[in-house]
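Subject: Structure handover

Hello,

Here is the structure you were waiting for. My notes on it follow below.

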Amino acid sequence: MRRRKVCHTMSEAVFLPADPPHQGQLALYDATPASRSAESAVELVLPRGAQIRRTTVPARLLPMSEALALLTGSPAADASASVRAWSAAALAGLGLIARGRVVPDQSAEGFATWRVAPLDPADQGWLKGLVDGMPATAYALPIPDSRPLRLHDPEILVRAFWDAIADTLVRTPAAAETVTGGTTAFASTTPTALSGPADWLADSARSEQAGARLVLRIEPPPAEAEEFKAVLQLRSGVDPSLLVDVADVWSAPAAVLSALGQQAETDLLLALRRGARVWPPLDHALRDAAPVAVPIHDDALDGLFEDTAALDGVGIEVRWPAELFSGKLAVKAGATPTPGAVTGPDFSMTELLSFKWRPTLDGEELTEDEVSALAEAKRPMVRMRGRWVRIDPELVAKLRRGPTRRLTGAEALGAALTGELEVDGERVPFEVDGALATLADRLSSERPTFVQPPALQATLRDYQRRGVEWMAQLADLGFGGCLADDMGLGKTIQVIALHLHLGNGPTLVVCPSTLLGNWEREFARFAPDTPTRRYHGTARTLEDLAPDEVVLTTYGVVRQDHAALGTIEWNLAVADEAQHAKNPLSRTARTLRTLPARTRLALTGTPVENRLSELWSILDWTAPGLLGTLDRFRHDVAVPVERYRDEDATAWLGRVTRPFLLRRKKSDPGIAPELPRKTERDVIVPLTAEQATLYQAVAAETLAKIEQSEGIERRGLVLSLLTQLKQVCNHPAQFLHEPGPLPRRSGKLAALDELLDVILSEGESVLIFSQYVEMCRLIEQHLASRGVPTLFLHGGVGVRRREQMVEEFQAGAAPVFLLSLKAGGVGLTLTKATHVVHYDRWWNPAVEDQATDRAYRIGQDKPVQVHRLVTEDTLEDRISAVIAAKRELADAVVGSGEGWLSELSDSDLADLVALSNEPVKLGAQSVHNPSKVGKT
């Protein structure tokens, strides 16, 4: 016979009880019906809009015979949760009836009826679990005339459903013979009223009392060499506080025996039989004519810990003495210097340490003798410090294996700072003492007060003083760090103060070539007595280096002359704009690591531009080994944080880097209260007809090629598409590489003209950034035709001319400064400007913020307005929303430039570049058009 499949996949189910029970019905209904056609209707309590109220819904009512056939069949894969719940209830009810859990009774209306009883503790557990898992739609049945509105209790509803099953299935001719008096009222399918309550029904009601429950009281041996035992007890189902040893049951007073029940012996044997299936040692008690206790061998004791929950599930309670769990055995990790390791008076980051397990009991470390006893233990429980302690086999195995690895000093320090160490894929508590503990305490404690050197011709702000204190402490401990202050907060002057404070050796400053003059002028201004030299150009030399001299060089020179620079024992090495060495595998990063220096300091306003591996590269130069190997860092930290926002990995990274990374923002309280207000807005501009035509043609043509490509070729086509579309949005002349004409062909250029009309009429100055030199030249040409004086800085401008341009702009020689984003995004102070225009988007908020900070920095005394030009309903409009969302996350990872977009599917890419104002979804992220602020 084939099982009937539950096919009411779209229906919900609820049971409608009746008197007598077998006339109850299962209602199948649709909580949100599309039509009102149905066999019947039922009043339920369902959500309607924002409210929950009585609602009459169409339903199909099944009598118990049909309901059982439906619910005990194979449920459809998409059956509703309520149908599945009542299907589970039906199967549980059939199981109870099969075990003989049925009694005759008289219903409230006086009818002869059958119901499910008695329920033992295991049955009650099943009932509770069943009810806890029921969805609200399965018991959305209101109590008639209830005020306020109340639902039927789901447990009472399930009991009524079980009674209905019993009253349906047990009504057979044989039923009359099982009932005292042989009445046919309990066999007839026609409801039959009893003529008053019968005496034998009182006995039946008493039989529903829960039977006695078996309890195993675990007793530890008086001596360690003896076995544990489980003393058998019975707990009264009437009075749960009554607990009697089985040895005393037969001699107990009559009142005790009455409370235990007349079937106490039967309850005991049935419980032993059920329990033996779960925990085999109970089979020993089954074979005993008068079972009193069960001896527990070591293996059985270990199994009992695992089987306690299973025993409770079959109605057997296990009582453990409190002392067995009064001691908590755990293990911490530690580290000690390896034999023969070369150590100085202080801790060394390159020192090798042996890994060591440190077992504890209630947080107190065990003695060597106790550790040895623990490692040699053969049983699951040992007596230690006057108490019984359960042994974890894995813990013992760790102790027996002993040290399995060595740690570098940097790895041990990172573990000491975070309080945990990863061992075999598991993070365990880590605790140290000696020099390493002292070092961790010093890094985490308050820093010593910094006394400003007399040779410093400046007054440090409070936050700058704290920055120098932090760097000086790291240098004193032999470490380096990353000063990640916002652009314009004065990182240079803090380094100058540190150089004067250290004063016992030369300092090397590595920076982009465009910043050499800035460093030279800052030293001349704030430390005029400090000798400085540029190690740059064809005549560069390191001869006759003064003890406290500062050498200024570039990343390019370091790549060429790292051997010569490596012959000097630098007291301090500084990497300015350290993001230039953000790629740990680049030649720049590798040669930078070869320079010997007592203290290494990285300066950057963006320690993470694109991904966390950049932070690893910077900190691995300043504090080698602190974050482990690059592969492990990517696997254990970068991927969990960047992809899944893993809170544990994020917290670990914060704890381990906090002593070595100082990050301050202009917006932080008390950092730069003198800075004026900064206002940012997106200026949403339309495309011209020419732009729209070009945009659609480029998108259609390139998308067709992308669909036919894969791998590197596809990635290249995607990036090419993005570049071309951005150029179309900028100006058709840029995309077509034409010199002109320029007016009336670009919405952006028209918007820029309107902005400049207002800015220049008020006598103010403006910075205009574009990532394309070609676009800057077109704007320069356009403004020249309007008679607007401009300066234009790009990568081809030499260092001297660059410095001259900055001085001219600051002096007011030209109100408009055009800058290519790469050349002018860092290292400049242009506080003459009160407006910043981003003509096109770099799509990396960190890079854009750095560019904006050319004007919004210490020394700016006027409000700064930032204008971002965004073409309406294009990919710029959509990605602008992505940037806004990611900017809210500290040090967010957008991706490598626009490279993250090349991984989009064909359909997502087509949605992204379509000319449309509809929301677009990038993978799992829905991106809506930003509000049209400042639309022109």
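**Helix α27 and its ends**

Helix α27 covers residues 747–761, 15 residues in total, and spans 21 Å between its first and last C-alpha, close to the 21 Å expected at 1.5 Å a residue. (Helices are DSSP runs of H or I with at least four residues, strands are runs of E with at least two, and both are numbered from the N terminus; the expected span is 1.5 Å times one less than the number of residues.)

Before the rest, two points on the basis of these notes. This is a predicted model, in which local features need pLDDT of at least 70 and side-chain atom pairs count only at pLDDT 80 or more, while totals for chains, interfaces and linings use all residues. Residues are numbered from 1 along each chain as its sequence is written, and side-chain values use heavy atoms, with hydrogens and water left out.

Several residues of α27 are buried, among them Gly747, Lys748, Leu749 and Ala751. Buried means under 20% relative accessible area, exposed over 50%, and partly exposed in between, with a 1.4 Å probe and protein chains only. Further along α27, Leu752, Asp753, Leu755, Leu756 and Ile759 are buried too. At the start of the helix, a side-chain oxygen of Ser746 comes to within 3.2 Å of the backbone nitrogen of Lys748. Just after α27, Gly763 has a positive phi of about 75°.

**Two buried helix residues**

Thr657 belongs to helix α23 (residues 647–657). Thr657 counts as buried because its relative accessible area is 5%. Its side chain reaches the backbone oxygen of Leu653 at 2.7 Å. Leaving aside neighbours within four places in sequence, Thr657 is in contact (heavy atoms within 4.5 Å) with Leu619 and Leu627.

Ala122 lies in helix α3 (residues 121–132). Ala122 has 10% relative accessibility, so this residue is buried as well. Residues up to four places away in sequence aside, Ala122 touches Gly313, Val314 and Gly315. Leu311 is 189 residues from Ala122 in sequence, yet their C-alpha atoms are 9.4 Å apart.

**The chain as a whole**

The chain has 33 helices and 36 strands. Of its 936 residues, 53% count as buried. Among contacts between residues at least 6 apart in sequence, 68% join residues at least 24 apart. The accessible surface (Shrake-Rupley method, 1.4 Å probe) comes to about 42400 Å², and 51% of that belongs to carbon and sulfur atoms.

Regards

Terms used: A polar contact is a pair of N or O atoms within 3.5 Å; within protein, one must be able to donate a hydrogen and the other to accept it, and residues adjacent in sequence count only if both atoms are side-chain atoms.
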